[in-house]
Amino acid sequence: MSQLSITLLRMGFLVLLWALVLSAIAVLRADLYGTRITARGRGRESRRDTEARAEKTASPSRAATGIRTGSISTREPSAGHLAVTGGPLKGTTIPLGGAPILVGRASTCTLVIDDDYCSAKHCRIYLEGDRWMVEDLGSTNGTFLGNQKVTDPVPFRTGDVVRIGATALELRG
Amino acid sequence: MATVADVKVRTGRRSELGLLGLAVAVAVLARGLVDYHADFLELDELALYAAAWCGVALVIHLAIRRWAPFADPVLVPAVLALNGIGLAMIRRIDFAYANRGRDTDFGQVQEVWTILGIVLALLVILLLRDYRLLRRFTYTAGVLGLIGLLLPLVPGLGTEINGAKIWISVFGRSLQPAEFAKIAFVVFFAGFLVTNRDTLALAGPKVLGMRFPRPRDMGPLALVWVAAMLVQIYERDLGTSLLLFGIFVAMLYVATERLSWVLVGLGMFGFGAVLAGTLFSHVQVRYTAWLHALDREVYSSGTSEQLVRGLFGMANGGLFGTGLGEGRPDLVPYAESDFIVASLGEELGLTGLMAILTLYVIIVQRAMRTAIGTRHGFGKLLAAGLGFAIALQVFIVVGGVTRVIPLTGLTTPFLAYGGSSMLANWMIIGLLLRLSDQARRPEEVAA
């Protein structure tokens, strides 16, 4: 082979290598640009605005009567607090911020439940995006959302009931 | 924090096939160039080699279609391309050694290891149908990892090569159990952190707007730190200790989202590194060879000779390289294993080396994307940990060879000569394929 063709082959190899790299990136392009990313804070604020506006048009007299509507007074419009509606701790409420809540028998948990059917670290309730999720932490007797046993993280909506042994937890607005 | 919502799910199996074609072309062209410059080119043999590569690529592709249909389409092509370049380079170094009268068969041995590695990755996909199964073996994995690290210290089993006691000899072959221990530790850390991350993240005093962990929660970090330091002291293996500690700190950060853990971890590592540098002569030597590599007396004493020869090799390659088979990579000791990056830098130049590094970036990015896409906390940590394992290993090796950090002995994943590294890294790819398959699977199918 001539020196020219050798040089061409040498450069050709580098070109081929970069062709692979760039086409791999091209395949990933859909992945990089094909997702919708909403910043957590902004999405919530804009929704709060629209909610407040809807509130205003629906009942303009509320502001006049001095009753503060929930959408203005609570920091988290999706859920205000976690209420225990059954079991030994019935009546307890925990205000929800952005921090995850750990439920279990261990003293390090946020919500400590003294129940034989409850594991030391039983389940975890956390905020993902603007949804609350509930995740089982490998408990012995399981966590139930309604009648469904929780394995993977599942969304925990307002009004859903999570059962851990005799304890029932509910998300309140 | 932000929420990422997928617009559509595409399996990408066809794109994978296209990319696999390119990867095979890279591997075969590399081999052709090497053979031609060694005056060894026989078109029949090259065609056979090409056919073998096509067969391997096709088998992997079909296996993924069958057992992990939603797995990431870019991972396997990127890894196969790296593997092909590595095989060609090792073969090229075999030829160079043969010219100097040293008979080696690194190339053939590495081909066998590659096949075994691919089989292992496919076995992982076939046998592990749900990665959540691994969570049950959290502590088993931790114990296995520790045993793997300690095996080379068992008298009779462990062998010392070049002053490092990291090998064991099995059936006449030397294996590096630390490569497999790495995977076991990632599984252990993921399982441990997924249950304990809230205590690690939320409790503790606040200093300068950062929440620092409580001393009693520092237990696991301290334990891993001590383990890493002991490995460094007794096995004289700086690379592995750096890798393990780095993986753990990275995973802690992913699990807790607290910067303070990174600062505490870096502080502890810095302290350990300085301590080791003052206490142990073999660490001290590495530091001197790194900082004063080009000093006449350091070079002539031989401690920085390998590093400097590698640097000269890369400088000789320049922007576009001397061309595969046209440089002199064999002038660097261990050109086929520890210094394969320098060999590639010489023959492919900066352009080629950047392409190779970009392939690693793509692999790591896919691991991180998988971690974002997985809903399960354990899967997130596992994918992120495996990604960090590859990223840190590449950084430690390439950083060492290019004199960014002190030189430590680790293998470049998929490129360097070495069986354990090849098997362990293909195993990581198998796990990542399974993880990404489950992460990208649409919910209707999963239910």
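These are my notebook entries on what I looked up in this predicted model.

**Entry 1: chain A overall**

I started with the makeup of chain A and found four helices and 12 strands. Chain A has 173 residues, and 24% of them count as buried. I then checked how far apart in sequence the contacting residues sit. Taking contacts in chain A between residues at least 6 apart, 37% join residues at least 24 apart.

**Entry 2: the six-stranded sheet**

Next I traced the strand order in chain A. One open sheet runs β3-β2-β12-β11-β8-β9, six strands with antiparallel pairing. At its edges I noted β3 (93-95) and β9 (148-149), each pairing on one side only.

Strand β2 of chain A covers residues 81-86 and β12 covers 167-172; five bridges pair them in the antiparallel sense. Which residue of β12(A) is the bridge partner of A:Gly86? I found A:Ala168 there.

**Entry 3: the five-stranded sheet**

Chain A has another open sheet, in the order β5-β4-β6-β7-β10, and here the pairing of the five strands is mixed. I looked at its edges too: β5 (111-112) and β10 (154-155) each have a single partner strand, so one side of each has no neighbour in the sheet.

Inside this sheet I followed β6 (residues 123-128) and β7 (residues 131-136) of chain A, which run antiparallel and are joined by six bridges. For a residue-level landmark I wrote down A:Leu127, whose bridge partner in β7(A) is A:Trp132.

**Entry 4: nonpolar cores**

The largest nonpolar core has 139 residues, and B:Ala27, B:Ile247 and B:Met251 have the most contacts inside it. As background, nonpolar side chains tend to be buried together in soluble globular proteins.

**Entry 5: B:Ile247 and B:Leu392**

I wanted to know what B:Ile247 touches beyond its neighbours within four places in sequence. Its contacts are B:Phe185, B:Val186, B:Gly385, B:Phe388, B:Ala389 and B:Leu392.

I followed up on B:Leu392, which is found in helix α14 of chain B. Why does B:Leu392 count as buried? I get 23 C-beta neighbours inside 10 Å for B:Leu392, and the cut-off is 20 or more. Not counting residues up to four places away in sequence, B:Leu392 touches B:Leu243, B:Gly246 and B:Ile247. I also took one C-alpha to C-alpha distance: B:Leu392 and B:Asp105 are 29 Å apart in space and 287 residues apart in sequence.

**Entry 6: two helices of chain B**

I checked α2 of chain B (residues 43-67), which has 25 residues. From first C-alpha to last, α2(B) reaches 36 Å, close to the 36 Å expected at 1.5 Å a residue. Buried residues in α2(B) include B:Trp53, B:Ala57, B:Ile60 and B:Ile64. What covers the buried residues of α2(B)? The cover includes α1 (13-37), α3 (75-99), α4 (106-127) and α15 of chain B.

That sent me to α15 of chain B, residues 419-440. The 22 residues of α15(B) reach 31 Å from first C-alpha to last, close to the 32 Å expected at 1.5 Å a residue. I asked how many residues of α15(B) are buried. The tally is 22 of its 22 residues, and the helix is mostly covered.

Conventions: Residues are numbered from 1 along each chain as its sequence is written. Chains are lettered from A and ligands numbered from 1 in the order in which they are written. This is a predicted model: local features need pLDDT of at least 70, side-chain atom pairs count only at pLDDT 80 or more; totals for chains, interfaces and linings use all residues. A residue is buried if 20 or more other C-beta atoms lie within 10 Å of its own, exposed if 12 or fewer, and partly exposed in between; C-beta atoms are placed from the backbone. Two residues are in contact if their C-beta atoms, placed from the backbone, lie within 7 Å. A nonpolar core is a set of buried Ala, Val, Leu, Ile, Met, Phe, Trp, Tyr and Cys residues joined through C-beta atoms within 7 Å. The expected span of a helix is 1.5 Å times one less than its number of residues. Two strands pair if DSSP finds at least two bridges between them.
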